Amino acid sequence: MNKKRNSRFKRASRTRAHIKRLGVETGIARLCVNRSARHIYVQVIAPEGGKILACASSLEKASQDAKNAEHTKTDLAKHVGKLIAERAKQAGISAVASERSGYKYHGRVAALIQSAREHGLVV
């Protein structure tokens with residue numbers, strides 16, 4: 001495995017362990033973000049048991065319709081952030097801890113989390 005990818009996995013495991021400890025103590029769900037070269041995926045995961053409470057991605061029909069109107073991957077990530085905020089509210093989740101899977105808080109990941117904040121999700 002190359003050094004960059006190995007470093008990302010180390011960061012991800014440290015962050016995930018910390019958030020899991022907090023989740024068990026405080027009962028807060030985690031917002032798990034994953035991205036590929038083309039798409040971005042996000043899930044709200046329950047603090048105990050790891051059950052997925054809400055999810056959104058750029059592969060969905062609603063996101064694909066938005067993709068035709070929006071031109072960049074960052075704009076698409078903002079749309080996915082809006083979707084996850086709405087779906088988390090419907091599931092009764094108002095606050096989450098951000099788990100970025102080792103990715104830096106920059107670019108598409110930052111746009112997604114900021115958009116979720118703007119639409120009422122406490123991150």
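Start by selecting residues 108-118, helix H4: eight of its eleven residues are buried, so to speak mostly covered. Here, buried means under 20% relative accessible area, with a 1.4 Å probe and protein chains only. Helices are DSSP runs of H or I with at least four residues, strands are runs of E with at least two, and both are numbered from the N terminus.

This is a predicted model, where local features need pLDDT of at least 70, side-chain atom pairs count only at pLDDT 80 or more, and totals for chains, interfaces and linings use all residues. Residues are numbered from 1 along each chain as its sequence is written, and side-chain values use heavy atoms, leaving out hydrogens and water.

Next, colour the buried residues of H4, among them Val 109, Leu 112 and Ile 113. What covers them? Select strand E1 (29-35), strand E2 (40-45), helix H3 (73-90) and strand E4 (96-99), which are included in that cover. Contact here means heavy atoms within 4.5 Å.

Finally, zoom out to the whole chain. Its secondary structure comprises four helices and four strands, in the order α-β-β-β-α-α-β-α along the sequence. The radius of gyration, taken over C-alpha atoms, is 14 Å, close to the 14 Å from the globule rule (2.2 Å times the number of residues to the power 0.38) for 123 residues, so the chain is as compact as a globular protein of that length. Of the 123 residues, 38% are buried.

Technical notes:
Buried < 20%, exposed > 50% of the residue type's maximum accessible area, 1.4 Å probe, protein only.
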